[in-house]
Amino acid sequence: MCGIVAYVGHREAYPVIIKGLKRLEYRGYDSAGIAVLNSDGLSVYKKKGKVADLEEHVIGRNISSHIGIGHTRWATHGEPNDQNAHPHYSASEDLAIIHNGIIENYSSIKKDLQNKGHVFKSDTDSEVFIHFIEEIKKSNNCSLEEAVRLALNKVVGAYAIVIMSRTEPNLLIAARKGSPLVVGLGKDEFFLASDATPIIEYTNEVVYLNDYEIAIIRDNSFVIKNIQDVKMTPYIQKLEMELEAIEKGGYPHFMLKEIYEQPKSISDCFRGRLNASTGHLLLGGLREYANKMVNADRIVIIACGTSWHAGLVAEYIFEEFCRIPVEVEYASEFRYRNPVIKEGDVVIAISQSGETADTLAAIELAKSKGAVIFGVCNVVGSSIARATHEGAYTHAGPEIGVASTKAFTAQITVLSMMALMIAQRRGTISERRYHEMLVELETIPAKVEKALALNAQIEQISEIFKDATNFLYLGRGYNFPVALEGALKLKEISYIHAEGYPAAEMKHGPIALIDENMPVVFIATKDSSYEKVVSNIQEVRARKGRVIAIVTEGDTLIPSMAEFTIEVPATDEALMPLVSVVPLQLLSYHIAVMRGCNVDQPRNLAKSVTVE
Ligand code: G6P
């Protein structure tokens, strides 16, 4: 949440920062702002709204500068308005800060500062932070670097910050704890950003800051220290991301591009790991601790949002193939009770961004209780990827649309591979079934391709239902998490109220909602609960509900009772979510577009939720 970018070097800072902010807008888009330094001094320009509004706001201003910081906000403290937008000035206006995170003890610091005469222009914790730093600098008569260090030792909470100073025109000071921050090392230039996407166009050499590290960039030198003032050796990594992976490539929205990328992202996920013809299945990330999973008494999956839905699919797969009991927990709930984690329990944390604050905190809690944690992340080098003992990347490539699509299918792909690998080692799957599953897995990209070919039909159905005010999504077994995911996609981007339910549970409540205005999406592919779902469809029809059914190709029964049917290719029921979710992604996409919603940046949401 909140995206930050900073630049110092030989280029004009403004275009680098604006472009970077646009790439980070998925992290929040309540307001945007920049600070630059030139003959007019240290100037802050900020505006409620999107980066495009900021661009308009600065027209005609002197924004030429070789150094600058920029911010795109997802509001935590204070409503989204111009005053609360970042950057924030210090009291003297000699310093400016951008901040991603939350300072939890800000109100006591604010009170102290107010007693000393400080006046605040915003309601934010971030403004308090920069006033605090300046106050320390003055009262200790120390350097800015030292003041930042002292302040960081006093604040509680999460932060990725970058500070610039009017009096030191070649200095940027950055620090992180809990919120991500990447430093890009160019030739005589430096970039700082919440993720690598604003940087890759200029350099592929980056350093991911660790918690409690401070980066000092001064006159072309770059030093990292910890908050005890000990110099650290930076670990320089080479980025492998391609620029085209973060551009729309001719698609009107990132979400549509990402939906269409799924055949490739699933294949990428297999690459070097799966070969059905030789029976090869190996996740390189599961080595040292793989036996822990093989011998696990229980698996606990922790995640949020769409990743939690992938966790539910994994629950069914692990229980079916590995015969290990699985619990799937919302990370936010897990961390605030006193969960029972015993020796022999294994935790799997799933996260696209690898930065979700609740998931990170849940990992730390589970670790403190001695659990072994496996991570399933998409973003390489992310905090969760680094906080887990071992793990497997999903290799889906950057996902920029706020509504997760290709990350979901990649997560299920990785988790299926994990489960099959473990099942084979435990001897809980027959060799025949194991090979059948590997062969079937390899056919999934082609089947997803066929599901994507349904786009035109789904667009027509969307036209018919675009004005609905409610939707119900029903599925059973492996298709139950798909129903939840379908409903989540629709509400996230079209703002239509939608509920996902296990089809059989419908009669315990949601059935009361059904009338001639209620569209009910059944995920009713041919599987072990098919007949039961057919009965549920009849029940909805009997109450005049409007049925849209996702069925297996060649099904003749459900088309005779549903108002609309969408036929997807057959596959093993354990892998069906990879295929059956695709029409639901397209349905929500088209409905949202038809309703004029901002598909890639839905209101109030952010992609990377770094606050709890
Ligand atoms: C946010 C996003 C969702 C995502 C969830 C978990 O709510 O809008 O799309 O599923 O966070 O994020 P993660 O990065 O941990 O998978």
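Predicted model: local features only at pLDDT ≥ 70, side-chain atom pairs only at ≥ 80, totals over all residues.
Q: Which residues make up domain 2 in the domain assignment of the protein chain?
A: The assignment gives domain 1 as 3-244. Domain 3 is 453-612. Domain 2 is given as 248-448.

Q: How many residues does domain 3 bring to its contact with domain 2?
A: The centres of the two domains, taken over C-alpha atoms, are 24 Å apart. Domain 2 puts 47 residues into the contact. From domain 3 come 39 residues.

Q: What area is buried between domain 2 and domain 3?
A: Carbon and sulfur atoms give 66% of this area. The total buried between the two domains is about 3,500 Å².

Q: Which residue forms a salt bridge with Asp572?
A: The rule finds one salt bridge across the interface of domain 2 and domain 3. A salt bridge needs a side-chain nitrogen of Lys or Arg within 4 Å of a carboxyl oxygen of Asp or Glu. For Asp572, the closest N and O atoms of the pair are 2.8 Å apart. The partner is Arg433.

Q: Which helix gives the largest share of the side of domain 2 that touches domain 3?
A: Several helices each supply at least two residues of that side, among them H6 (254-260), H13 (406-426) and H14 (431-452). Helix H9 (305-322) is also one of them. The largest share is ten residues, and the helix that supplies it is H9.

Key:
Residues numbered from 1 in each chain as written. Heavy atoms only, no water. Domains from an automatic or database assignment. Contact = heavy atoms within 4.5 Å. Buried area = accessible area lost by both parts, 1.4 Å probe. Helix = DSSP H or I, 4+ residues; strand = E, 2+ residues; numbered from the N terminus.
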